[in-house]
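Hi,

Here is the structure I promised to pass on.

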Amino acid sequence: MAPPMCLLVFASPLSLWKQAWAPPVGSSSSAEALDRLLPPVGTGRAPRKRTTSQCKSEPPLLRTSKRTIYTAGRPPWYNEHGAQSKEAFAIGLGGGSASGKTTVARMIIEALDVPWVVLLSMDSFYKVLTQQQQEQAALNNYNFDHPDAFDFDLIVATLQKLKQGKSVKVPVYDFTTHSRKKDWKTLYGANVIIFEGIMAFADKTLLELLDMKIFVDTDSDIRLVRRLRRDISERGRDIAGVIKQYNKFVKPAFEQYIQPTMRLADIVVPRGSGNTVAIDLIVQHVHSQLEERKLRWDMAALASAHQCHPLPRTLSVLKSTPQVRGMHTIIRDKETSRDEFIFYSKRLMRLLIEHALSFLPFQDCVVQTPQEQDYAGKCYAGKQITGVSILRAGETMEPALRAVCKDVRIGTILIQTNQLTGEPELHYLRLPKDISDDHVILMDCTVSTGAAAMMAVRVLLDHDVPEDKIFLLSLLMAEMGVHSVAYAFPRVRIITTAVDKRVNDLFRIIPGIGNFGDRYFGTDAVPDGSDEEEVASTT
């Protein structure tokens, strides 16, 4: 069978782009000197504003002839009924060491401007070394550029699960010690998966999972300088050791295992990130593929879409009595002292949680009073109640939950946005064992876009908690967040003390409370002025 046609893309004579390396504090003068050997930075393209469902953006949606279907929260290839409709589109990025694969990947993500893109690096999948191999690696005598150095079985299994919309645990590799760290990183399914690595095309099973294959072809001298720069400044190596490893392993491996895989690529990109023509071509092709798979959205309709629908029936708002209104007046007032803010916030939390408990299932039961009389009452019909707080603001609701629920179990979730990729990452998770039969009260103090809340719901679903047993509690929500959560997870009960109509350009709830975490804990505001929940937890 003839190999697939390879499209070789040459750009017009533009200045090459240098990889965006800012030398870390304390880096050696040798590493700094290497910068001068790299091609100069061109003006390039103006950065595009990215839109992902888990960063500072409105939720993605699909348009149909019947109605608008929100899909944020679930993997975007799920339909409105929660059934998987399409697999994610997987892009493979191959090329020599330091050829610019990661930079090209980030440029593609930037230019794609679609929600739910995951960047998966082959560097995370180096095999665990034996003691003898560790000793050889310390002497630069272990070949990390050989196919046998990678755990292809784990790579294939991980990519298969991501394409199916399932969560995966990715190892975290420490290049200074040549070993895997104890903590693994959790990633969730995406609309587009970009897998990059030197051996991206070296395994037949892996190749079959890739819908598009791109080879980044960069001059060997530039690759060497980049590798020197990276290994010295980021991995604590010395020049002699890096050059020894390059000549003994890296260069021969490129010629034997990597360069021959260029023929398998659909597109070859000479000069890597400097080839903006190739990047644009790739992005156009991916967009066309997404449209074919019906995985693309009308992002222009996002800002006003939530205003077109009545508030969902799964939403319950605490009755706005004069008492509740009065407490809201106090905590919303920017002149309120921290002590008063905490006091009245706790009072509202207590009322909110007691209101939420009324939605738990109860069954008829009969007890005997001290007067030996029967009393027809109600008993909780569930197995267990578990509270899960979205850090950091959500943990302020834990004391109120403990005060009204005896022996309640508590879990915590921390979701933060990767500043390099713009994608959500689960940084910390502690859940009680065997929560699949529990009624889970998910707590966060403010919900604007709903992104962190939806990510947290997905984590609970991944731990087999039924959707209709999840209760999302928040002191204040924006209508946008209510709609996003409700249409993504139509069986999740949403309970709050108030709903504000809109958010501003920084996705702060208007009129809102301000940054709840900063006001409660007495910490400084985030420099850009946006709510901490939207920066750190993407609430």
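**The disulfide and the other cysteines**

Searching the whole structure turns up 1 disulfide, the term being used for a pair of cysteine sulfur atoms within 2.5 Å. Before the details, please keep in mind that this is a predicted model, in which local features need pLDDT of at least 70 and side-chain atom pairs count only at pLDDT 80 or more, while totals for chains, interfaces and linings use all residues. Residues are numbered from 1 along each chain as its sequence is written, and side-chain values use heavy atoms, with hydrogens and water left out.

The disulfide is formed by Cys365 and Cys379, with their sulfur atoms 2.1 Å apart. Cys365 sits in strand β12 (residues 362–368) and Cys379 in strand β13 (residues 374–380), so the bond ties together parts that are 14 residues apart in sequence. (Helices, H or I with at least four residues, and strands, E with at least two, are DSSP runs numbered from the N terminus.) The torsion about the S-S bond of Cys365 and Cys379 is about 85 degrees, so this is a right-handed disulfide.

Is Cys365 buried or exposed? Cys365 is buried, at 18% relative accessible area, whereas Cys379 counts as partly exposed at 29%. The cut-offs here are under 20% relative accessible area for buried, over 50% for exposed and in between for partly exposed, using a 1.4 Å probe and protein chains only. As for other cysteines, Cys405 is buried at 8%, and Cys445 is buried at 0%.

**Helix α4**

Helix α4 covers residues 152–163.

Which residues of α4 are buried? They are Phe152, Ile155, Val156, Thr158, Leu159, Leu162 and Lys163. These residues cover an arc of only 165 degrees around the axis, so they lie on the same side of α4. (The arc is that of the directions from the helix axis to the C-beta atoms.) Their cover includes the strands β4 (89–95), β5 (117–121), β6 (168–174), β7 (179–187) and β8 (192–196), along with helix α5 (204–209). Just after α4 comes Gly165, with a positive phi of about 85 degrees.

**Aromatic rings**

The whole structure has 10 aromatic pairs. Rings of Phe, Tyr and Trp (its six-membered ring) pair if their centres lie within 6.5 Å; planes under 30 degrees apart are stacked, over 60 edge-to-face and the rest tilted. Phe516 and Tyr520 are a stacked pair, because their ring centres are 5.7 Å apart and their planes are at 20 degrees. The two residues are 4 apart in helix α15 (residues 516–521), which separates Phe516 and Tyr520 by about one helical turn. Phe516 is buried at 0% relative accessibility, and Tyr520 is buried at 10%.

Elsewhere, ring pairs link Tyr126, Tyr142, Phe144, Phe150, Phe152 and Tyr173 into a cluster. Phe152 is also among the buried residues of α4.

Most residues other than glycine have a negative phi, and most peptide bonds are trans. A few places here depart from that.

- The peptide bond from Leu391 to Arg392 is cis, with omega near 5 degrees. Arg392 is in the loop between β14 (385–390) and α12 (398–404).
- Ile510 and Pro511 are also joined by a cis peptide bond, where omega is about 0 degrees. Pro511 is in the loop between β24 (509–510) and α15.
- Asp407 has a positive phi, near 65 degrees. Asp407 is in the loop between α12 and β15 (409–417) and is exposed at 58% relative accessibility.
- Asp434 has a positive phi, near 55 degrees. Asp434 is in the loop between β16 (424–430) and β17 (439–443) and is exposed at 62%.

**Confidence**

The chain has a mean pLDDT of 75, and 73% of its residues reach 70 or more; pLDDT is the predictor's confidence in each residue, from 0 to 100. Residues 41–83 have a pLDDT below 50, and beyond near neighbours in sequence this stretch has 149 contacts in the model, a contact being heavy atoms within 4.5 Å. Residues 526–539 are also below 50, with 59 contacts in the model beyond near neighbours in sequence. Where pLDDT is low, the predicted coordinates should not be read in detail.

Cheers

Definitions and conventions
The expected span of a helix is 1.5 Å times one less than its number of residues.
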